[in-house]
Amino acid sequence: MLTAQQALDHLLSHAKPVHENENVSVQAALGRVLAENVQSLVDVPPLDNTSMDGYAVRTADTASSGQVLRVAQRIPAGSVGTQLEPGTAARIFTGAPIPPGADAVVMQEDCAIPEGSIDQVQVNTVPTVGQWIRRRGEDLSAGKTALTAGIFLRPQELGVAASAGLTHLNVKRRVRVAAFFTGDELALPGEPLKPGGIYNSNRDTLLACLRALGCDASDLGIVPDRLDATREALRRASKDHDLIITSGGVSVGEEDHIKPAVTAEGRLDLWQIAIKPGKPLAFGAVRKSEQVNDGAEGEAWFIGLPGNPVSSFVTFLLFVRPFILKLQGRDSTSTNSYFVRADFDWLKADRRNEFLRVKMNERGGLDLFPNQSSGVLTSASWGDGLVDCPPGQAIHKGDLVKYIPFDALLK
């Protein structure tokens, strides 16, 4: 069986970013992937300005504490002062431009108004050159790169774009993903359950994961456990999508039709991955009915996930997510993880790489959900991340373990 890393490397070696770009307003770019570097249209800030309310001064006039200066001008934000003459100060407010001649700002807490004075200030500290001054272009310089291609656009990137004077951004089009679910036992919530039936939790879980990643996700519903129905669903899904995801039917039983269906409609690698939960995983491609400009030579990628709900969820996070990130053209597909203290024992080491559902506790350690079965989806709802437990390794209380937060896996 392939290791998790071998399987992931194989998937990523095939993924290529979508080709088409879209030009959207900055306000509409949240959650998109930037398609090209963008340059600032202006210096940010456009002028030297103060980061504090206080007084703009010449350090030559304030070489000792207690100097009294005449307040010759008042400069609020949005105004421009005049030349600061020797022996004078300018009352200045946060964000206002530094007047010519001034080389420092003294914050108002370090100043006092002499008793009975209406136009003087006493400077009770000795400022240094440049104190509390934000220099022109220290954030962005006109013509310099403000944002780089491949980044995922969060609110702070949109703020940078706006400060750079940009109104629109070229972004990668959304990755189009079709999902369908196999199993005659499946029913949708609200429908009556037949004997032996279960509600389809994977539909809502996986579609939500796709939309959280910014995909254009299509729900093709539940497909009967028949080869002809599975092949028809694959043909329908391949037409307008970059990637097809299925849940269930990837094992080797008589009712598991994914392997022969994908083989008939395209090509397939079927893996047994040495992880728990989620051993079966299928990867390949399905021929498109019409030649298109995007995708792999007229193919839609295919990833088949296990049917057990935790297995489906975990394999999506570990394999489908980074594959989609690469299709989106993101600059990184890696997942943040760090070492945290285990406040539990896990003594039954497995020969497979295990991913345990855990929650951070108030003591800064990790608690383990008591039932780690691949059918217990409440373990993922209760938990806030996974522990990556290597093959053959037990965990004892106090051990440092590799922790992957769900927050890092669902964005």
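1. C215 is buried, with a relative accessible area of 7%, in what is a predicted model. C209 is likewise buried, at a relative accessible area of 6%.

2. How many disulfides does the structure hold? It holds zero, and for these two cysteines the separation of the sulfur atoms gives the reason: the cysteine sulfur closest to that of C215 belongs to C209 and lies 10 Å away, which is too far for a bond, given that a disulfide needs the two sulfur atoms within 2.5 Å.

3. Turning to helix α1, which spans residues 4-14, its buried residues are A4, A7, L8, L11 and L12. Viewed down the helix axis, the buried residues of α1 fall within an arc of 125 degrees, so they line one face of the helix.

4. What do the buried residues of α1 pack against? Their partners are the strands β18 (266-272), β19 (275-276), β20 (280-287), β21 (299-305) and β23 (353-360), together with helix α6 (309-327).

5. A search of the whole structure finds one cavity of 30 Å³ or more, and the largest cavity holds about 60 Å³ of space. Its lining is formed by G31, R32, V33, K172, R173, R174, V175, L213, G214 and Q328, which by class comprise four charged, three polar and three nonpolar residues.

Methods:
Residues are numbered from 1 along each chain as its sequence is written. This is a predicted model: local features need pLDDT of at least 70, side-chain atom pairs count only at pLDDT 80 or more; totals for chains, interfaces and linings use all residues. Side-chain values use heavy atoms; hydrogens and water are left out. Buried means under 20% relative accessible area, exposed over 50%, partly exposed in between (1.4 Å probe, protein chains only). Helices (H or I, at least four residues) and strands (E, at least two) are DSSP runs, numbered from the N terminus. The arc is that of the directions from the helix axis to the C-beta atoms. Contact means heavy atoms within 4.5 Å. On a 1 Å grid over the protein atoms alone, a cavity is a set of points where a 1.4 Å probe fits but cannot get out, and a pocket is an open set with protein on both sides within 12 Å along at least five of seven lines; lining residues have an atom within 4 Å of a point. Grid points are joined across faces, edges and corners, and a volume is the space filled by probe spheres set on the points. Ala, Val, Leu, Ile, Met, Phe, Trp, Tyr, Cys and Pro count as nonpolar, Asp, Glu, Lys and Arg as charged, and the others, Gly among them, as polar.
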